[in-house]
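This briefing goes through one structure, topic by topic. Keep the sequence and the 3D view open while you read.

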Amino acid sequence: MSDHVQHHIAIYKKVAAALAVLTVLTVAVSYLDVSVPVAVIIALIIAGTKGSLVLSFFMHLLEEKKPVPLSRGGIGLIIGSLLVTALFFLVVIFIPIFGHADKVGTYFTLPNSNAPTVETPAAH
Amino acid sequence: MADVTTTEETAEETIDHGHEEHGHHDEGFWRTYVFSLDHKVIGIQYAITGLLFLLFGFTLMMLMRWQIAYPGEPIPLIGQWLGDERAPGGIMLPEFYNQLGAMHGTIMVFLGVVPLAVGGFGNFVLPLQIGAPDMAFPKLNMASYWTFFPGGVIMFASFFVPGGAANSGWTSYAPLSVFATTGQTMWLVGMIFLITSSLLGSVNFIVTTVQLRAPGLSFMRLPFFVWAQLVTAFLLLLAFPPLEAAGVLQLMDRVAGTSFFMPSGLVYADGPWDASGGGSVLLWQHLFWFLAHPEVYVLILPALGIVADIVANNTRKPVWGYRVLVASVIFLGFMSFIVWAHHMFLTGMGTTMSSFFQTTTMIISIPSVVILSALFISLYGGSIRYTTPMLFALAFLPMFGIGGLTGLPLGLSAPDIHLHDTYYVIGHFHYVVAPGTLMALFGGIYYWFPKATGRKMSDMLGKIHFWGSFVAINVVFMPMFIQGLSGMNRRMYDGGAQYVMNQDVLYLNEVIGIGAWTLGFFQLFFIYNFFNSIKNGEKVGDNPWNATTLEWQAPSPPPHGNFATAPVCYRGPYEYSVPGADKDFLMQGEPDQTPAEPARV
Amino acid sequence: MDIPYIVDERPDTGLTNVKLGIWLFLASEVMLFGALFSSYVLLRLIAPDWPVGAEVLNVPMGTFNTAVLIGSSVTMVFAYASLQMDNLAGFKKFMGITIGLSLLFMVVKGFEYNHEFEIGNFPWTNTYLAIYFTMTGLHALHIIGGVVVNAYFLGPGSKLWETNKTQFTNRIEAAGLYWHFVDLVWIFLFPILYLL
């Protein structure tokens with residue numbers, strides 16, 4: 001049991017080092033001169049990598065037992081619940097903006113003579 | 001997977017129990033009845049509180065119905081006590097009407113039906129039905145009730161602040177809700193309490209169902225009631241947080257002057273709205289309906305679970321299509337997360353998004369129809385016993401059918417253009433929740449009352465309650481479809497009297513009003529029956545209905561810890577009329593001679 | 001009957017009650033922050049112009065805080081590992097450092113907020129600041145909650161070690177899962193608010 005834990009501690013140290021490097025990378029990458037969508041994608045990839053390391057090793061997600069073997073489609077209750085959650089997470093993030101993009105006319109500013117003028121962005 | 005013959009040993013010997021949850025006896029009044037850790041006490045607390053709020057919310061509606069049926073007439077008896085800010089001379093002010101409308105919806109959904117159906121029935125019945133001593137986290141369970149209760153108090157108290165209660169609909173759309181009086185802030189704070197309570201409860205329900213099932217009680221041997229509660233708990237767990245976030249955002253818009261939901265250039269009654277602007281009113285709608293659509297499935301699923309158990313018991317045969325029911329309820333729960341914008345067809349969404357949501361909405365009607373059909377088919381060939389619970393369960397089926405079918409034109413974006421925000425919508429959703437869920441919940445109360453108290457409720461009073469309510473409730477809600485189809489809008493404080501298009505259907509307002517007050521009258525039979533039977537009801541044994549599920553093996557009422565020894569499950573939940581058996585039901589926990597097959601997952 | 005699977009795992013699920021419970025709670029938290037991320041995306045897309053994060057907020061402070069919080073996650077997992085190796089003193093040391101780092105995070109956050117207020121940047125100033133303060137504020141509330149729980153386990157809660165080591169270790173595992181989640185949220189929050 002002790003060796004098992006010692007092995008884990010060695011992994012924790014490696015993950016900690018990786019996270020430190022990735023944090024530096026996160027900031028460094030922000031100085032690159034790229035368009036916003038590309039910057040977003042790069043930032044999400046790096047953050048996603050850091051997050052995966054925390055989930056897999058600090059939160060031991062990789063070790064969660066699967067009562068039904070993977071070969072028979074079992075993914076475990078925790079991982080299963082998290083996958084479903086991840087799907088709904090993406091739904092709640094993307095559907096409102098799709099709804100916004102696909103619309104009949106503009107609605108987010110009201111034309112009003114007394115209001116400060118705001119330029120309606122063309123591409124939206 | 002332990003095989004059945006050794007589970008009895010493994011159940012007791014090898015498990016190291018934490019002794020923290022072990023009950024102490026003679027704990028004094030507060031520990032026993034108020035801050036109890038026992039799921040049965042907590043369940044009864046939820047149920048009684050829920051029933052009281054249902055009564056209160058219904059009273060609000062009976063008041064509204066007077067104003068709708070007889071606009072501008074002083075409210076008899078009660079009108080004089082309402083005070084000048086609400087009803088000067090007993091005549092309801094529009095502002096007060098709006099408060100009644102918003103709070104009726106909020107109270108019925110969040111303080112009435114869900115606490116009763118999930119907090120009450122779920123807490124009381126679920127651990128018993130899976131053979132568990134209690135919920136997995138009794139302290140969390142108590143915390144969940146005592147977070148719910150202040151939320152309810154805040155909601156109730158909001159009527160008494162200057163400006164009255166929230167008045168922007170139960171849907172609290174921005175920007176109206178951001179402009180609204182103090183009551184809206186209290187609504188938001190109250191919702192935060194209620195949502196937190198719900199989250200704590202849903203974690204408890206899922207862990208309990210997964211972890212504390214008795215040996216031999218595999219997932220596919222669970223009573224359908226438990227499946228319904230499990231899916232409901234997942235809906236509450238994952239759908240409520242976005243509303244909690246949105247509630248915080250709206251609170252900040254109201255109190256801190258932020259502009260999450262306030263667009264630029266907005267002008268209010270007194271002039272331009274003093275905030276930065278740049279927000280989106282639709283953001284509120286998306287976040288609200290992301291919860292509120294799964295919420296309606298939270299309202300119906302426990303009822304479906306109750307009806308399935310009652311139908312099996314009173315037809316003396318298993319429900320038809322158990323596996324189909326389970327698959328449908330899981331699929332329904334999943335789909336419920338991706339249909340919400342059918343509440344937003346008229347917000348200016350383009351055809352792509354409207355088509356997406358219309359399609360998912362049509363797809364979600366399939367599992368609903370499958371479940372309803374399975375329950376109907378379950379009646380075929382049964383030896384039907386017309387007990388009071390069964391009357392309610394039988395009535396539920398066609399009522400839920402009407403509710404569901406009338407949802408179809410609402411779920412299609414084209415007819416919804418005509419029907420959105422009309423009385424047709426009110427008729428549709430009330431059919432599902434009132435003649436639907438509420439009748440099922442009443443059936444459940446009559447059904448499980450003997451387990452909770454050791455006495456039966458009076459059958460005669462129960463039948464009067466049933467027939468009176470059944471007729472009256474249809475008188476209330478059926479005319480609403482007619483009104484809605486002719487274009488009568490909802491949320492109008494004069495019952496639509498000002499509009500030319502409504503004149504032909506205005507007379508129905510009076511019909512509906514009379515139906516509502518009659519419905520109120522018949523609830524008196526239930527209230528009397530409920531409280532009187534606690535002391536004077538006919539005493540019964542542990543299993544007065546000759547039912548099969550595990551809760552009927554425990555004493556009535558069950559003691560702390562529920563079962564003297566851990567029950568073991570040997571068969572499925574609805575083994576009624578098994579060929580060759582010596583009686584027409586085989587209890588789940590009753591061993592028999594033939595070796596039972598080991599349970600699979 | 002006592003409630004089973006508080007200490008030992010249920011054979012067919014492989015889980016203790018508390019482990020399943022905390023993961024489910026974290027799933028709900030994902031949805032909570034998800035709604036806020038969704039609000040961020042929508043508000044940014046409809047805005048005619050959106051400030052550059054690095055010009056409004058202090059990136060070095062934010063980076064420092066990121067390192068602090070990730071560090072506290074590392075010490076938290078070491079605290080748990082200490083218990084697995086039957087080392088209570090090690091647990092107390094690492095838990096103490098975790099709490100210390102958490103408080104340092106809050107202090108730095110306090111400086112950041114104060115600076116923003118001094119130059120007139122309030123939540124009501126524009127929607128960028130509104131979502132910044134709300135998201136970091138809610139995250140900070142989660143840190144405070146975590147500190148309270150961790151302090152309880154460092155203090156009075158650690159008495160459970162004397163009577164039931166496994167149950168105490170399970171509780172620390174749960175506390176650790178919560179804490180790593182709080183760190184995870186910040187890992188996404190920092191680049192999105194400060195750097196994009």
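How many residues does helix H9 of chain B have, and what does the helix reach from its first C-alpha to its last? Helix H9 of chain B covers residues 281-315, which is 35 residues, and reaches 51 Å between those two atoms. At 1.5 Å a residue, the expected value is also 51 Å, and the helix is close to it. The model is predicted, and the predictor gives the complex an ipTM of 0.96 and a pTM of 0.92.

**Helix H9 of chain B**

- H9(B) has a kink of about 30 degrees, and the kink is centred on Trp289(B).
- Of the 35 residues of H9(B), 33 are buried, so the helix is largely enclosed by the rest of the structure.

**Chain C on its own**

- Chain C has seven helices and zero strands.
- Read from the N terminus, its elements follow the order α-α-α-α-α-α-α.
- Along the principal axes, the C-alpha atoms of chain C fill a box of roughly 60 × 35 × 20 Å.
- Chain C has 196 residues, and 52% of them are buried.
- If we take the contacts in chain C between residues at least 6 apart in sequence, 77% of them join residues at least 24 apart.
- The average pLDDT of chain C is 95, and 100% of its residues score at least 70.

**Where chain C touches chain B**

- The contact involves 38 residues of chain C and 46 residues of chain B.
- On the chain C side, the elements that give two or more residues are helix H1 (17-46) and helix H5 (127-154).
- H1(C) gives the most to this side, with 15 residues.
- By class, this side of chain C consists of 23 nonpolar, 11 polar and four charged residues.

**Where chain A touches chain C**

- Chain A and chain C each bring 41 residues to their contact.
- On the chain A side, helix H1 (2-29), helix H2 (36-58) and helix H3 (77-101) each supply at least two residues.
- H3(A) gives the most to this side, with 12 residues.
- The side of chain A that touches chain C divides into 28 nonpolar, 10 polar and three charged residues.

How values were computed:
Residues numbered from 1 in each chain as written. Chains lettered and ligands numbered in written order. Predicted model: local features only at pLDDT ≥ 70, side-chain atom pairs only at ≥ 80, totals over all residues. Contact = placed C-beta atoms within 7 Å. Helix = DSSP H or I, 4+ residues; strand = E, 2+ residues; numbered from the N terminus. Nonpolar A, V, L, I, M, F, W, Y, C, P; charged D, E, K, R; others polar. Expected span 1.5 Å × (residues − 1). Bend = angle between axes of the 7 residues up to and from the residue. Buried ≥ 20, exposed ≤ 12 C-beta atoms within 10 Å, placed from the backbone. pLDDT = per-residue confidence, 0-100.
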